[in-house]
Amino acid sequence: MFQFIRPDIKVDFVGKRHFFVAVSVIALAASIVLFFTKGLNYGIDFTGGAEVQIQVPHAWDIGKVRAELTTAGIKGLKVQEIGLAGEGAGAQSAVRQFLVKAQGDAGSLNQTSSTVEQVLLKTLKKGEYEIQRVDVVGPAAGSSLRMSGFLSMLYALICILIYVTIRFDFRYSPGAVIALFHDAVITLGIFIITQKQFDLQVLAAILALIGYSNNDTIIVYDRVRETTQQHPEMTIEQIVNKAINETLARTILTSLTTFFTVFALWLLGGGVIRDFAFTLMVGLVVGTYSSVFIASTIVISLTHFYKKREARQKLAGAKA
Amino acid sequence: MTKNWWAKLSLLVFFVGLSVVYVYPTLSGLDVEKSRFPFKQKINLGLDLQGGLYMVLGVDFNKVFKDVVDRQGSSLQDGMKEKKIEFKSVKTVRDGLPVEDPHIVVEFDAAKRDELYKHIKKDYWTLRFVDEKPGRFELGLSREYRVDIRDRTMNQSIEVIRNRIDEFGVTEPSIASQGTDRVVVELPGVKEVDRAKDLIGKTAKLEFKIVNDKAMNPGQVAELVSKIEKDNNLFYKEGQKFSAYVARINELAKGKIPESNEIAFERVRTVTGQYDPNQRIAYLLHSKTEVTGDDLQDANVSFDQENRRPIVTFSLNPRGASMFDKVTGEHVKERLAIVLDNIVHSAPVIQTRISGGHGQITLGTGEGDQLMKEAKDLAIVLRAGALPAQLDFLEQRVVGPSLGQDSIRKGVLASFVGMLAVFLFIMFYYRVSGVIAATSLLLNVLFVLGILVGLEATLTLPGIAGIALTVGIAVDSNIVIYERIREELRLGKKPQGAVEAGFQKALRTILDANVTNAAAAVVLLIYGTGPIKGFAVTMLIGIITTLFSAVFVSKLIFDWYLRVIEKKNSDTISI
C-alpha cells in the first residue's frame, strides 16, 4: 500500500485555527478593499469595446502595427503582441499575432474590424494577413453582463447553502458557504493584484470553482458527522480535528489529481483555456486550504453557539 | 460469477457499444457521404471551434411602443366619431414616462364622461386608465397588451431574421431569443461576415412618400439644412449613427418646415461605391406614408434598360396596388420618394397614374460586383419582410476557421496530457485498483462524448477543457472510495467486506459532492451564452457519467477482481 500521508497522522489543526482564521480574514479584507479601490482589470466582455486578433507577416513588429493603425484614428487604441508562429521555418512563413483593442461608442466599435482590414489592405495583399477573431461588445451589453455575472455567483452560493442545509444542518451550512465565498473573493483578489484580464471565461471558471471547492468541505463534514455519532463523549474540537486528520489523505489526493489536469490545461491549452485554467489553479489551492482550516472552524464556533443558546433556553424553561 | 453480475455487465457492454457507435464517426473523421456506416451524426462544434459569427441583437422597443400608442390614439378618435361621442382633443404624451408606457390624454366635455368611460372600457382592452381629472382622461397601454406587443415583436423579429438567413444560405443557423429583448444569432462557418451583418441588421422598412416641392424647392431645403448644421455646429461624421443625425436635424427644423412634414436624405456614393459622408441630398417629405412594404408581394434583381446597372424591381399585392394607383393618380407631376429605412433611395417624378403595382428601386453608382450583391441582398430583405423594430448590435464575435483548428489541436493535446497524468498517477498510487479506476475513467470520457453526440449538444473550447476537468473531478470519487476501503482494511476487514463497506459508505459523500457541482453548473448554464454554455453542458453530462462510472462501473470490475483474489485463496488486495 503506497501512501503519502500516514494513516495515523495527528496534526493539531484545530489548535492553530485562530492563526489561520486571522490570515484568511486579512486576505479577505484586503481583497474586498482592493476590489473597491484598485478594481478588477475587466476585459471587453464587461466594459464594452472591440478586440481584433490579427496575424501579419513577421516584418510587422508591434511598432509598425501601432503606427499603421494610429493613422486610421481608432479610438482608445491598444496593441498587444500575443504570439509568434512559424519562426525558423524561413522568414517567409513566419508570422506574428497581435491583439488590437479599441474603445468607443457602439457605432464606431462596429467599424473596428473593417477599419483594421482597410489599414492592412493598404500595404498587404489578401492572404498575407488574417483577421482571426473579432469580439465586439457594446458598452450597455458589457455592464449588464457584469451585473448578471456577479449575480450568478450569488445564486450559485445560495443554491449550495440550501443544499448543504438540507443534507447537514445549520451548524454546517454557513461554514461551507463562507468557505466558498472566501475562495471566490480571494481568487478575485489575486486577479486584482496580478491585474490579469477578467472576462467571461474567468467568471465561468470561478463558478465551476464554487461547485468544486465544496467537495473537500463535504468530505470533512461527512466525517465530522459520522464521528459525532460514534463518539458522543468527544468535544467538537476533538471531533473536528480527528475528522480533518482522517480525511487529510483524500483531501490532498483529490485536489492533487484535479490540479494535474488543470495544470496541463494551463501549460498547453493556449488562449482562452489558459486563463480559464489559471483561475482554477488559484482556486484549487485556496479551496483546499479553506476546506481544512475555515469551513470546519466555523462548525466549531456554531456548535458552541447553538449549545449555549440551548442551555440558555433550558435555563429559561426551568425558571418558568 | 453471479447472474446479477452478468446482467450488469451486459448493461455496461450495451452502453459502451452505443457510445462507440455514437463517437466513431467523429473520432475517425468518417466521410458521412460515402461511408456505409449506419450512424452518421457527428459532434457539433461550437462557433469558437469551427469559426463563424455570433451576435446578440437588442430589440429597440422605443419606436414600437410610440407607434402603437399613436395608432391607438387615432383609432380611439375614429371610434368616438363613429359613436358620435363628442370630445375636445386626443394627444399622446411621452415626456417623463418610461419608453414602453407613453400615455394618451383625452379631453372632453365633463357631461359626456360616463358615456366615454363606458365606450373605452367596453371596446379597448388594450388601454388602461391611469389618471382622471374633470374633463380629462389619461390612458396607458394595458399590461397584457404591452406583454403581447413585446412577444409579438420578438417573434416577428426572429421570424424575419430566419427568413433572411435562409435565403442567404447558411447551414445550421441558430436564431433564438434571450431574455425579453434580445435575439442571439449564430451562423457557423459563415465567410462573408459584413454582408451577413448588413442583411440581419437592416430594418428594411420600405415606404412611399410624396415630396413636398410645393412648399419649398430642393434648393431651399438644402439651404435650410446647411443653415441648421452651421447654427448648431452639427455635422455628420463617418461611423456615427446616420439615423441619430437625421432625427436631430428634424428636431431643429421644427417650425421652419410645414407641420407633418419631415426632412429626409438621399446618400451619395463616391466612385468606389462607398457612401460619401460629406455628401447627401435633402428632401422635404410629407410625413404621411402612402404605401408601405407590408403590401409588397415580391422583389427581384433586374437590370436597368439604359445603363445595364442592377436594380431591384418589386410588385405590390392587390391592396398595395390599388393604394399605389390612387396616390399616383392624385399626385401626377409631383415626386414620389422611395424611402428605405428612412433613407431616400430615389424620388422620380410621377409621369402618369401607375396601375398594376410594379416599381423599381435604383441603387446609384458603384462597382458592378458589389452593386449586384447589394441588389440581391435588398431583394432578399424586401421579400423576407421588414423587421418590426430596429435592432442594435450589442455583441458580435467572429472566429476565423484557422483559429478554431488551432484551438482544437491545443485543447485536445492539453486535455490528453492532463488525463494521462491522472491515469499514471492513480495507477502508481493504487496499483491494480488504480488500473480499475483508470478503466472506468476512460469509459467515463467515452460516455461523455457519446452523450454529447446523442443529445446533439455543442462542443466548445471551454467544453473541451470541461471534459479534461471532468476526469480530474471524476477521479475524486474513486479516491474517496479507495481511501475508505483502505480504512476498512486497516480495521481488519477482509477484502470482500472492505470493498462492500467502502463503496457503501462513500456513496453519500460522492452524491453530495456531485450535487453541489451540478448546482454550480446549472447556474452557469442559465447565465452563460455561447462557449460558456458549452462548458456547463459538458460539466453536467460529466457529473452524471461520473456517478455512473464511479459507482456502477468500478464496482462491477471490482467484483470480478475480488473473485480472482478468492480463487487464488489470497487475502491481499492491491489498493
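Hi everyone. Let me start with a term: two strands pair if DSSP finds at least two bridges between them. Strands (E, at least two residues) and helices (H or I, at least four) are DSSP runs, numbered from the N terminus.

What we have here is a predicted model, where local features need pLDDT of at least 70, side-chain atom pairs count only at pLDDT 80 or more, and totals for chains, interfaces and linings use all residues. Residues are numbered from 1 along each chain as its sequence is written, while chains are lettered from A and ligands numbered from 1 in the order in which they are written.

Now, the two chains. β5 (130-137) of chain A pairs with β18(B) in the antiparallel sense, over 5 bridges. One of the bridges joins R133(A) to V399(B).

How many residues does each chain bring to the contact? Chain A gives 60 and chain B gives 62, with contact meaning C-beta atoms, placed from the backbone, within 7 Å. On the chain B side, β18 (390-399), α11 (401-454), α12 (461-490), α13 (495-527) and α14 (530-567) each supply at least two residues.

Next, a sheet within chain B. Four strands form an open, antiparallel sheet in the order β3-β4-β6-β5. Why do β3 (89-93) and β5 (127-133) each have one side without a neighbour in the sheet? Because they stand at the edges, each with a single partner strand. Inside that sheet, β4 (103-107) and β6 (136-141) of chain B pair over 5 bridges, antiparallel, and H103(B) stands opposite G140(B).

Thanks, happy to chat!

Notes. Two residues are in contact if their C-beta atoms, placed from the backbone, lie within 7 Å.
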